[in-house]
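Good morning, and thank you for coming. Please look at the sequence and the model on the screen, and I shall then take you through them part by part.

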Amino acid sequence: MRSFLWEGVEEGKRDHLVKWERVANSKEEGGLGVGSLKEKNEALRAKWLWRFPMEPNSLWAMVVKSKYGSATNGWDANPASMVTSLNPWKDISAGYQTFLQCCRFELGNGNRVRFWEDSWVREGLLKDSFPRLFALSSKHSLSIDCFVDSQVFPHNWDFGFRRNLNERETAEVIKLLEILEGFRLWASKRDRRRWDLEVSGYFTCKSFQSFLCNKGRVVTFPPFSRVWKAKSPPKVKVFVWLVGLGKVNTLDLVQRKRPFMYLSPHWCVLCKYCEESVDHLFLHCPFSLSLWGLLWREVGTVCVIPKGCSDFLCSDFVVWGSGKCTSTLWRCLVHSVFWNIWMERNRRIFEDYKGVGVRDLWDRVKYWAALWASVTKDFKDYSYSTIMRDMAAAVI
Ligand SMILES: [Zn+2]
């Protein structure tokens with residue numbers, strides 16, 4: 001699949017521009033949303049761990065519980081570690097610890113959440129955060145309602161220490177009490193398990209799969225909407241995605257990948273002056289700057305070009321107005337500038353072609369942007385030539 005994406009069919013070995021882990025990520029995270037079967041499988045298995053305490057009366061849950069028993073808090077079945085490899089619960093429960101990292105309890109009456117051993121505060125398990133106090137406590141494996149009188153608020157916490165505490169231990173208790181401040185038990189409410197990766201608090205395979213792919217790191221791709229919500233053709237969007245990631249095969253990148261090749265002359269073919277990099281070619285090259293200048297004039301704005309293409313794609317520009325048509329045409333224009341700079345650069349390098357001036361290239365930029373916009377429902381009453389002739393009139 002990876003080779004198919006970057007090398008095409010019968011085209012021989014070519015550079016893989018973006019790491020496969022990144023490609024597998026969702027588009028919001030900077031990938032192509034291809035997904036990874038291994039992580040998908042693990043996320044689907046975890047769904048059974050989520051459903052187990054939700055469906056205590058279903059036959060499958062009763063069978064699992066009677067066969068393996070359940071944890072002391074009563075939420076989960078015990079892992080099936082001492083059974084044959086063909087046992088499905090063994091595979092499912094193998095992901096239990098990773099699954100638990102994404103769960104947190106919301107307190108109700110506190111009778112189904114263990115104080116030390118369950119995750120119910122943001123700081124993680126209290127037995128890990130305060131190992132010394134945990135060792136001194138006589139209330140291991142007991143639920144939170146055994147530590148307080150729920151009728152009295154603010155709560156007086158009783159940790160059941162086996163002896164009087166020394167100065168250091170007292171300081172730790174003060175830290176622990178600071179964490180517990182604000183927590184309250186509600187006698188009429190049941191404890192609930194929350195899925196931390198979703199705002200709704202409910203498990204989804206998608207969120208867990210993304211957690212597994214990114215190994216818990218939060219990965220975002222700020223230019224997401226500017227890249228993928230544009231109405232340009234898919235190949236142009238994929239190209240702008242590569243520009244946003246800085247992974248286009250400009251000469252500086254090719255030279256780094258092939259240090260033993262002498263790429264001469266390794267200067268930008270548009271200005272024949274500076275070394276070619278993604279940010280230079282698309283933003284800072286005098287040729288490209290003139291092209292952006294024509295775009296600013298068209299949309300009636302002025303702006304300072306940001307340092308990099310990713311920053312550029314994240315920037316908000318004030319153009320014409322703020323309607324849906326404006327944003328559709330604006331995104332088409334930006335994509336068209338990137339695409340046409342790249343086409344112009346490639347023609348000059350790979351074909352016997354002298355190149356066109358900035359004005360002529362600007363006409364092409366407008367032509368393509370107007371054509372892409374004209375087939376969207378926002379511009380259903382306009383032909384591409386009408387849009388191209390007077391863009392400001394078309395969006396108002
Ligand atoms: Zn240049």
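I begin with confidence. Of the elements in this protein, helix H1 (residues 2-7) has the lowest mean pLDDT, 71, while helix H12 (residues 234-245) has the highest, 93. Here pLDDT is the predictor's confidence in each residue, on a scale from 0 to 100. Helices, runs of H or I with at least four residues, and strands, runs of E with at least two, are taken from DSSP and numbered from the N terminus. For the protein, the mean pLDDT is 85, and 96% of residues reach 70 or more. Where pLDDT is low, the predicted coordinates should not be read in detail.

Two conventions apply. Residue numbers start from 1 along each chain as its sequence is written. The model is predicted, and local features need pLDDT of at least 70, side-chain atom pairs count only at pLDDT 80 or more, and totals for chains, interfaces and linings use all residues.

Let us turn to the overall form. The protein has 20 helices and two strands. Its radius of gyration is 30 Å, well over the 21 Å that the globule rule gives for 396 residues, so the protein is more spread out than a compact globule. That radius is taken over C-alpha atoms, and the rule is 2.2 Å times the number of residues to the power 0.38. Along the principal axes, the C-alpha trace spans about 85 × 50 × 50 Å.

How is the protein divided into domains? There is domain 1 (103-195) and domain 2 (224-395), with bounds from an automatic or database domain assignment. Their C-alpha centres lie 57 Å apart.

Next, the interior. Buried residues make up 30% of the 396 residues. A residue is buried if 20 or more other C-beta atoms lie within 10 Å of its own, exposed if 12 or fewer, and partly exposed in between, with C-beta atoms placed from the backbone. Of the contacts with a separation of 6 or more, 59% join residues 24 or more positions apart; a contact requires C-beta atoms, placed from the backbone, within 7 Å.

The largest nonpolar core has 46 residues, and Leu329, Leu333, Val337, Phe338 and Ala369 have the most contacts inside it. Such a core is a set of buried Ala, Val, Leu, Ile, Met, Phe, Trp, Tyr and Cys residues joined through C-beta atoms within 7 Å. Which helix gives the most to this core? That is H17, with ten residues. Leaving out residues up to four places away in sequence, Ala369 touches Leu329, Cys332, Leu333 and Ser336. A second, separate core has 20 residues, among them Ala24, Leu49, Phe208 and Cys213.

In H10, the buried residues are Phe208, Gln209, Ser210, Phe211, Leu212 and Cys213, and what covers them includes helix H2 (20-24) and H3. After H10 comes Lys215, with a positive phi near 50°.

Now to some loops. Most residues other than glycine have a negative phi, and most peptide bonds are trans. Ser141, which is not a glycine, has a positive phi of about 60°, and it lies in the loop between helix H8 (131-136) and helix H9 (167-180). Lys272 also has a positive phi, near 55°, and is found in the loop between helix H13 (251-257) and H14. Why does Lys272 count as exposed? Because Lys272 has 10 C-beta neighbours inside 10 Å.

Finally, Gly108 sits in the loop between strand S1 (103-106) and helix H7 (126-129). Gly108 counts as partly exposed because it has 18 C-beta neighbours inside 10 Å. Beyond its neighbours within four places in sequence, Gly108 is in contact with Trp186, Lys189, Arg190, Asp191 and Arg192. Gly108 and Asp191 are 83 residues apart in sequence, yet 4.2 Å apart in space, C-alpha to C-alpha.

Terms used:
Two residues are in contact if their C-beta atoms, placed from the backbone, lie within 7 Å.
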